[in-house]
Amino acid sequence: MSKAVVFCTPSYGHINQTLAIVEALTQRGEQIIYYGTERFREDIEATGARFRLIPFDFSPVDRPSLTLLACLLAECASTWLPRLIDELRREAPDYVLMDSVCVIGRYVAAILDIPAIALISIFVVQRGTIPFVGLTSLVEGARSAEAVRALLRFRRLSREIAETYGVERLSLPIDLVYSRADLNIAFTSELFQLHPERLDGTYRFIGPCLTVRPRDRGHALPPLGDRPVVYVALGTVFNRDQGFFRRCFEAFAGADFTVVLSAGAPTDIASLGPIPGNFIVRNYIPQIEVLKRASVFISHGGTNSASESLLNRVPMVVCPQGADQFFVARRVHELGAGVWIRERRPSARLLRKTTERVLADGRMRDRVAEISASFERAGGAGRGAAEILDFVARRRAAPAQVRDRGALSSTGEREGRDVAQTDRAGAAWTADPLVVPRSVAYTLTMSAPDPVFTKLMSLLDSLRVQSALVTVLELRLCEHLDRGPATAAEVAQRAGIAERAAQALLDALVALDLVQVAGGVYRNGPGADAYLVRGRPRYLGDEQVGLFRAQLPIWSRLGDIARSGRPAHASDSPEMLAFWTYLTPLIARWSRPIAVSAVRTLGLDRGEPQLLDVGGGMALYSLALLEENPRARATQADWPHINARAREAVRAAGHEARFDRIDGDLRTVDFGAERFDVAVVSNIMHQGSPAANRELLGRVRRALRPGGQLVVVEFVVDDGRASPPTQLLFNLDMLVHTREGKSYERGEIERILADAGFDGTRFVPGHPVSTLIFARRA
């Protein structure tokens with residue numbers, strides 16, 4: 001008999017399925033201490049576990065934002081860890097059970113040096129298993145200013161915790177879902193999981209673990225009659241969209257089926273207006289019970305809700321609201337178990353039409369039955385408990401030098417220790433990936449590849465992937481698919497290329513999760529539709545083709561550049577002028593939200609401000625200001641050929657009369673004296689040395705009126721140069737393209753600005769890779 005402690009994010013979506021595992025363990029004699037909040041006390045105690053209260057207010061956790069959740073968890077850890085660690089040292093637990101997102105459990109396992117077992121209630125998310133374009137949905141939901149404050153606080157607290165306890169430092173909220181423990185229990189089946197083949201041998205898929213919750217017993221299911229039942233619910237977090245409920249009233253009023261609508265605890269049902277006669281509306285519905293009668297489930301696509309629906313063989317209409325729900329919607333759609341409605345505010349007509357289609361589709365019910373059977377075969381809570389007990393017993397018996405520690409590692413530290421242990425392990429190990437360094441297990445069985453090797457091979461293969469994507473853009477393959485699904489031969493005919501080439505490129509797009517194939521017919525997936533079709537708002541751009549060709553010979557010379565310390569080409573060479581011609585429009589498109597944010601943050605949408613846009617490229621900041629404020633004027637300083645293109649963009653927008661140019665080399669051009677109220681220096685500092693930047697910013701200061709404001713946009717590296725990864729890798733770009741440029745640390749930028757005569761410096765993240773830096777002329 002062993003003792004375990006449990007830590008879980010305090011929301012129903014994360015806690016529900018852990019309860020069945022905990023109950024199965026207590027029934028096998030395990031002592032379980034489950035830390036939770038008061039509203040889950042009854043559910044937890046019903047499992048036989050000992051409930052202990054988390055001394056922290058998690059009431060905002062039901063707000064749909066990963067950033068805010070990450071900040072709350074970091075705040076809880078920061079205040080609670082000193083007392084918690086003392087308490088647990090007295091308890092001496094043998095292992096930690098933790099919701100995969102709950103960083104507190106990861107910290108405890110690392111500090112106490114005991115095994116960590118993750119209980120994963122969402123899709124397993126590891127780098128490489130989920131397309132990057134989908135991950136943005138995980139961080140939606142907070143107002144931008146609030147999210148920025150939460151992000152900054154999260155990073156500060158994570159740094160302090162890492163320095164205090166010697167654990168991994170988390171840089172971004174998304175690191176919470178990129179977690180990985182010593183053993184990972186996923187509450188789904190391999191069939192339903194996205195890309196299970198890309199995961200290592202530490203993962204066990206046991207299917208959904210659903211139980212009748214104590215709170216369900218106080219909510220009897222109302223009489224449903226003999227007609228088909230359509231169930232509507234948006235979960236426990238994303239259930240505040242009263243407009244959605246009213247559109248359901250409009251869609252299904254008078255239909256020949258009964259609609260059961262769970263409005264959620266926050267909803268005042270009376271405020272929804274008249275309820276149609278074929279509707280049953282309650283604040284809370286016992287979901288598992290109603291799904292036993294339902295014919296269709298109209299859902300937000302939460303992982304628990306989808307699991308409960310599919311386990312009960314109910315096809316779905318999925319209207320994702322945020323978080324991981326877009327992944328669920330995609331998988332339900334791919335497997336033919338339902339329909340994904342992509343509109344964020346679906347009309348009543350679309351809801352009615354889609355629901356009737358699902359009701360009538362017998363093949364869809366067959367696919368749902370297959371998924372349900374895969375859930376049942378996975379073993380459930382009984383198998384999960386057996387896997388945990390077997391793992392703990394083998395970890396206890398394994399020689400200390402081959403125990404695979406590293407619950408807190410998500411970036412390779414753990415894998416590095418595995419490799420380092422290989423030679424020391426000697427003959428003590430077996431070919432079990434739970435106790436053997438994975439590099440050894442891979443050599444023996446090929447069943448659990450070393451993640452470091454896998455990651456390196458993927459990186460070395462990136463040229464092939466990049467070449468394929470650029471060629472797809474060049475040939476407009478996804479635009480041809482946008483005309484309608486097609487076979488490889490039909491795509492070849494549309495694109496005017498060889499059928500063999502079309503097949504190879506389509507294979508690549510399928511491998512990259514951008515295109516879907518069924519029965520030899522190809523269609524664009526969500527990623528291709530959003531990013532690879534010209535005319536879409538997020539289209540990657542034709543410039544990618546020219547940029548790739550301009551850069552390829554440069555990167556192939558990286559070794560020579562490293563030996564000489566000199567860039568591939570002079571900054572004013574034809575090669576670099578061509579490079580900037582392709583890159584500048586891309587920067588303009590990607591950075592527009594940052595520019596608008598800067599204008600509004602500084603209040604430039606009011607009054608008659610005069611802007612100096614230093615190195616403005618396609619007049620990004622000038623256009624943002626001129627469009628936001630009809631009384632503003634802007635002057636851009638840049639190379640003559642870049643300024644010519646900027647002027648065309650401003651003319652096309654109708655603002656040419658308020659736009660001026662200063663043509664010349666930024667290293668020497670005179671910006672004038674006390675002419676401007678604000679200056680923007682966007683993506684310029686990294687191209688020069690500290691001395692060159694001080695000189696440039698000195699001329700910018702001279703051009704500002706007293707008290708004038710400065711906006712710098714940069715790829716900022718944390719002091720100490722340990723993170724973030726993208727900004728660190730960007731330093732290679734500076735090596736190959738500049739003589740003295742670099743990715744600057746935060747402290748370096750502060751000192752340069754102070755030396756140039758600016759004060760009041762503050763840093764505000766404005767983009768996944770860029771930081772807005774505000775300062776004022778001293």
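Colleague: How do you know that strand β8 and strand β11 pair, and which way do they run?

Modeller: Two strands pair if DSSP finds at least two bridges between them. Five bridges join β8 (residues 229-233) to β11 (residues 294-299), and the two run parallel, so they meet that definition. Strands here are DSSP runs of E, at least two residues, and helices are runs of H or I, at least four, numbered from the N terminus.

This is a predicted model, where local features need pLDDT of at least 70, side-chain atom pairs count only at pLDDT 80 or more, and totals for chains, interfaces and linings use all residues. Residues are numbered from 1 along each chain as its sequence is written, and side-chain values use heavy atoms, leaving out hydrogens and water.

Colleague: What makes β10 and β13 edge strands?

Modeller: The open sheet has six strands in the order β10-β9-β8-β11-β12-β13, with parallel pairing. β10 (279-282) and β13 (338-340) each pair on one side only.

Colleague: Why is D513 called buried?

Modeller: Buried means under 20% relative accessible area, exposed over 50%, and partly exposed in between (1.4 Å probe, protein chains only). D513 has 16%, so it counts as buried. D513 is in the loop between α20 (499-511) and β14 (515-518).
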